[in-house]
Amino acid sequence: MMKKNVDQFINFFFKLNNKSWLVSLIILSIIISPLLISDFIQYKLAEKHLTELTLSRRKSVAHLATILLKEKFDHIIDLGTSLATRVQFRKLIETGKWDDAIKILASVPKDFLYIDKVLLFDPKGTIMAVTPDVPEVIGQNFAYRDYYKGVSKNWQPYVSDVFKRAVKPQYNVVSVAIPIKSDDIKESDRKILGILLLTIKLDTILDWSNEIDPGNGGFTYFVDRNGNVAGHPKFSSRDNIVNFGEVPVVKKVLSGESGLEILYNQIEKEERISAYEQVPVYGWGAIVQQPTTIAFATLKSYLRLRLISDGITLFIAFFLAYFISFFINIISVYHQKEKIFMDSIGDGVFAIDRFWNITLWNKAAYELTGWSADEVIGKPFRNIIKFIDEATKKENVLFIEEAMLYGEVRPMENHTFLIQKNGQEIPVGDSASPIFDRKGQVNGCIIVFRDVSKDLEVEKVKDDFIFRVVHDLRSPLTVISSILSEEDTIKLFSLDTSAKEAYDLMNSATKKMLKMVNDLLSVAKSKALGTSFKKISISDVIKEAMKALKPIAISKQIIYEYLPPSELPTVAVPNLEHMNEIFNNLFTNAIKYNKQGGRIIITHEIIGGFLKTNISDTGIGIAEKNIDKIFASYTRINEKEGIQGTGLGLYIVKKLIEEAKGKIEVSSKEGEGSTFSVYLPTEI
Ligand code: ADP
């Protein structure tokens, strides 16, 4: 399968007519394009993923900042509430002893360094006491301040916006205002006794924002509900309050949104990534900023490395593609040469693998079968090519099977026909040769075939000619023979001894010539006649031959031993005459080469689809070295023993048996006798 695909692949390139640049381009595209596309997609995915990661990290930092600020404010409110609810403290406030009350709180700014000042207000917003002491503010009313408005709204703890201190040094602060209430059990019964105010310097808030690590080059700052900046590293708490109310991200964070924005900062002349989130409960905003160049530095360096590694991969892939295309070009040129070579062969040539799938198909094979290479390559041979036997019309691929099995060249059987694509049958001949792999095992076969119609025509003309010549020769020879057999002639030649010798010579030569002519005529006849198989009884043929030769057998006191089984199968033969000829010849030899008083034993066996007939004699036998020779024409082994013969008998017997799709075997022991075994098919 794999080989088939590789062949198709190579064939595809081969068809590009040797346009090597096109081949290279296709290979390059096949290898590089998927790499390029996959690299591009992966690059984009990595970029997206890392960007999201970078941004989400900034978002997390902003979220962390809101938690931090909320916790700080919560903590100060908790502190303030616990101070404002102290029993002793509350009693002093209730009885108007503000100075005593503030003394209780004097240690607070020292214990909690983030608290700048602690102030006590009456419920109307007038400062009654302060620690550390700032005498000039005592008695001043600050009801206009945001913290007063905030806390007095519902008399709940309140974190103010950023504001500038009233007394010098006028740095910016934020206050936490806690209502001081009477200790009645029910909330609604509690009276407002005053306000406890804890002020926090913006420097403290800057310390808090510094607790958050926004990454290199980044910083965190907060804005109050009005957009006033707190904890910004660039603005000192002593400067004027800076309002970012118009900055887009501040606007968004104050309206409750959270998110990310990449903006160009005109003042700093750089692009910045800002993550923002609102501080829950207090309505403040936390903003984390970092220059994009720094925020995305890791991402950029990763992507740069990726680009370099992708570039190297592509570079290697490019060379790989180049070498592959180079080798494919070489293979395709080799393939082209092979094809030109195969196509220049006049005979049909094709190859099959060991699964009998067609792997090679030359031009002549196309011309002879009508099937093009495209139609057959990779397909099972038996689905395309039909080699059949002329007489039986059965598939005839024994020569291929044997070539593959024995690893030897095997000729196609005679009378093999090929069924063409259009259904026409043509006589073909030639052979199958095994293909060996590197281990020396057969892994395919090359089949060569050609149209032999013309050869057959020529042979037929030749056979007809021989038939005519032999036939014409027989007439005068028969005349001479019959004259020589006439009594008058015999008498005439018996008068003189030398004439008698001449007569005997003439007579034996004429008989020999007549036998030869008759034998030749049988061969010529068998070729001239067609072949159509019919079923016959071989025992009838044997009995007929025995009967015909009985006189000669008797003259040598030879006896037959033949007991045919009652249910002997019939055999399918093309010609009954030829069967007579075969057995006549074999019995003649069995008598001729037998001893005086010898025996001829005939037996049958059934082997496979064949009826085997054994004719054994008790004669002179055949020397082992001669056994292979006896079926050749004009071969006589026992000439010197004075036994008459032409040397054609067994040659004709073999030919006629083969014509009947059978075979002949011989086994013999010199001086003891011979057995000739004839195999004839029981089925057509
Ligand atoms: P021939 O006309 O000489 O008999 P064949 O072709 O019939 O020609 O036989 C070829 C040779 O085979 C013979 O010359 C003979 O030596 C040998 N041969 C054939 N049949 C027998 C047999 N039954 N026993 C011994 N030799 C035989």
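This is a predicted model: local features need pLDDT of at least 70, side-chain atom pairs count only at pLDDT 80 or more; totals for chains, interfaces and linings use all residues.
Residues are numbered from 1 along each chain as its sequence is written, and side-chain values use heavy atoms, without hydrogens or water. Local features need pLDDT of at least 70 and side-chain atom pairs count only at pLDDT 80 or more, whereas totals for chains, interfaces and linings use all residues.

Helices (H or I, at least four residues) and strands (E, at least two) are DSSP runs, numbered from the N terminus. Helix α15 covers residues 453-485, 33 residues in total. The expected span of a helix is 1.5 Å times one less than its number of residues. Asp463, Val470, Leu477, Ser481 and Leu484 of α15 are buried. Buried means under 20% relative accessible area, exposed over 50%, and partly exposed in between (1.4 Å probe, protein chains only).

A nonpolar core is a set of buried Ala, Val, Leu, Ile, Met, Phe, Trp, Tyr and Cys residues joined through side-chain atoms within 4.5 Å. The largest such core has 46 residues. Leu120, Leu196, Ile205 and Trp284 touch the most other members. Elements that each supply at least two residues include α2 (20-84), β1 (117-121), β6 (192-201) and β11 (285-291). Helix α2 gives the largest share, 11 residues. A second, separate core holds 40 residues, among them Val541, Val571, Ile600 and Ile615.

The structure contains 4 cavities of 30 Å³ or more. A cavity is a set of points, on a 1 Å grid over the protein atoms alone, where a 1.4 Å probe fits but cannot get out; lining residues have an atom within 4 Å of a point. Grid points are joined across faces, edges and corners, and a volume is the space filled by probe spheres set on the points. The second largest cavity holds about 190 Å³. Its lining comprises 18 residues, and Leu119, Ile127, Arg165, Ala166 and Val167 lie nearest the centre. Strands β1, β2 (127-131) and β6 each give two or more residues to this lining. Strand β1 gives the most, with 3. The lining divides into 12 nonpolar, 2 polar and 4 charged residues. Here Ala, Val, Leu, Ile, Met, Phe, Trp, Tyr, Cys and Pro count as nonpolar, Asp, Glu, Lys and Arg as charged, and the others, Gly among them, as polar.

Asparagine 585 lies in helix α19 (residues 576-592). At 8% relative accessibility, asparagine 585 counts as buried. Beyond neighbours within four places in sequence, asparagine 585 contacts Lys515, Gly649 and Val653, where contact means heavy atoms within 4.5 Å. The C-alpha atoms of asparagine 585 and leucine 650 are 7.4 Å apart, although 65 residues separate the two along the chain.

Methods. On a 1 Å grid over the protein atoms alone, a cavity is a set of points where a 1.4 Å probe fits but cannot get out, and a pocket is an open set with protein on both sides within 12 Å along at least five of seven lines; lining residues have an atom within 4 Å of a point.
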